[in-house]
Amino acid sequence: MKKITYVINGEARHLHVEPNDVLLDVLRDKLGLKSPKCGCDRGDCGACAVLLDGKSVRSCLILAIECDGMAIETVEGIGQDGLSALQEKFIALNSFQCGFCAPGVTISATELLRNNPRPTLDDVKEALSGNLCRCTGYTPIIEAVLQAGNEGGEHGKL
Amino acid sequence: MAISHEFSYEKPASLGSALALLTRYQGQAKILAGATDLAVQLKEGTVTPQCLIDIKGLSELDTLAFQEGQLVIGANVTFQALVHSDLVRRELPMLGESALTVASIGVRNRATIAGNICSAVPSLDSAPVLLVYDAVVVVTSERGTREVPITDWFKAPRRTALAADELVVEIRIPVPAVRHRGVYVKLGRYRGEDLAQAGVGVMVTEQNEYKVAFNAVGPVPLRSAKLEALLRGRTLDDALLKQARAEVPSEISPITDIRASREYRIHMCQVMLERALRAATGLLAGKSIDVEHLV
């Protein structure tokens, strides 16, 4: 066991991990953060995405011990001071059906909008190309990201 | 899925300590960089190291610079860093364009090009650009440092010239002094997490020097000496492209698998070779060409 520290959703947390603990399992099982999901468990589906020092990563492909001292943001953090402009758009446009992919999509789209507040359609498609959704056909998801960019981009809560 | 296999974790603070660990573990240690391949192998139990050596604390491996006519890419440089680099866009646009075809942002934010050539799957997207520009892999160990030409790097699927006690320090890509343009065309089913079903990379100089490489159509990615000899010094025209297409089947050895048939791969390599050559010469002539959508 090694003692490590994360800043999770703005709060410093100390925990003990084994070298073979996977970040996704630690987030869900030790820290109780259930928004990242285990879909394919091999980095293909994007359901486990979190922001690591501001960059979207696959938490199923990262060892918990690698992230010692780093900042991790999950959907719990994005929404902790009220829904972001993006999340409001997802709700307004009924973007999701089963919702399993929603946290991962939210992470990828949040990273996009923070770096590029006025994305084009191609930018959005590229940003979401690693998030699989089996319900919607993506159209209402992409539309919500575009609208959040157009209306809330620079001034909204992303 | 948890990783059932147990190992120790080291994050050395110096290159010397990392090399000492590699020597001490005698092939029982694995280097940990982006881990986008390694984590899957650990979960599946296909690799069972005693120790993982995390090199992300070694800042000397973070280099991304242009030095003495060469683009130098440290072992910790991620694909997304290559996608966003103005230096890469200016000196070697094919490298950034190739990086953009790798998986998706969430993987590219972690995955490194050095890790990609160490994983050495036949479909690796970084191979064609490295092959057509004659990249060199700089590896080091406690026994010393050596430079391995990329054409000698790939030995078999998932096997490279890297010895068990060696670490990749950087990849060096000599940028031609004359005007040049490279193009990578990747056949996949969709953009995103798809592996190449077949891939073609070409590089053309203003003196009509041509380099041609293929990936995902043989056990290792390869350069085609025959096609390069055929094209050398000549200006592209329909007759020459027809001859080039005719040479493709004897230069590659694709298999039929779940992703594509052998016949389809051969056919598409012919199509993609022609499009890549036309695109590269067109770009060199100042035309505007959308290299992301050639197939």
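Analyst: Happy to. Let me begin with chain A as the setting: for 158 residues a compact globule would have a radius of gyration near 15 Å, and chain A has 15 Å, so the two agree. Please keep in mind throughout that this is a predicted model. Along the principal axes, the C-alpha atoms of chain A fill a box of roughly 45 × 30 × 20 Å. Of the 158 residues in chain A, 49% are buried. Taking contacts in chain A between residues at least 6 apart in sequence, 60% join residues at least 24 apart.

Chain A contains 6 helices and 5 strands, and its pattern along the sequence reads β-β-α-β-β-β-α-α-α-α-α. Two domains divide the chain: domain 1 covers 2-78 and domain 2 covers 85-152. Their C-alpha centres are 21 Å apart, and the contact between them takes 14 residues from domain 1 of chain A and 12 residues from domain 2 of chain A. On the domain 1 side, strand 3 (49-52), strand 4 (55-58) and helix 2 (75-78) of chain A each supply at least two residues. Strand 3 of chain A gives the most to that side, with 3 residues. By class, this side of domain 1 of chain A has 9 nonpolar, 3 polar and 2 charged residues.

Chain B is divided into domain 1 (8-54), domain 2 (61-174) and domain 3 (180-293). The C-alpha centres of domain 1 of chain B and domain 3 of chain B lie 36 Å apart.

Here 3 strands of chain B form an open sheet with parallel pairing, in the order 1-3-2. Strand 1 (8-10) and strand 2 (29-32) of chain B are at the edges; each has a single partner strand, so one side of each is left without a neighbour in the sheet. From one strand to the next, the twist averages 25°.

How many bridges join strand 2 of chain B to strand 3 of chain B? There are 4, and strand 3 of chain B spans residues 51-54. At the residue level, Lys30(B) has Leu52(B) as its bridge partner in strand 3 of chain B. Helix 1 (residues 15-25) of chain B lies across strand 1, strand 2 and strand 3 of chain B, and runs at about 165° to strand 3 of chain B.

Strand 4 (residues 64-67) and strand 5 (residues 70-74) of chain B run antiparallel and are joined by 4 bridges. Phe66(B) has Leu71(B) as its bridge partner in strand 5 of chain B. The hairpin of these strands has 2 residues between them, and Glu68(B) takes a positive phi near 50° there.

Conventions. Residues are numbered from 1 along each chain as its sequence is written. Chains are lettered from A and ligands numbered from 1 in the order in which they are written. This is a predicted model: local features need pLDDT of at least 70, side-chain atom pairs count only at pLDDT 80 or more; totals for chains, interfaces and linings use all residues. Two strands pair if DSSP finds at least two bridges between them. Axes are lines fitted to C-alpha atoms, for helices over the stretch in contact, and angles run from 0 to 180 degrees between N-to-C directions. Two residues are in contact if their C-beta atoms, placed from the backbone, lie within 7 Å. Domain bounds come from an automatic or database domain assignment. Ala, Val, Leu, Ile, Met, Phe, Trp, Tyr, Cys and Pro count as nonpolar, Asp, Glu, Lys and Arg as charged, and the others, Gly among them, as polar. The radius of gyration is taken over C-alpha atoms; the globule rule is 2.2 Å times the number of residues to the power 0.38. A residue is buried if 20 or more other C-beta atoms lie within 10 Å of its own, exposed if 12 or fewer, and partly exposed in between; C-beta atoms are placed from the backbone.
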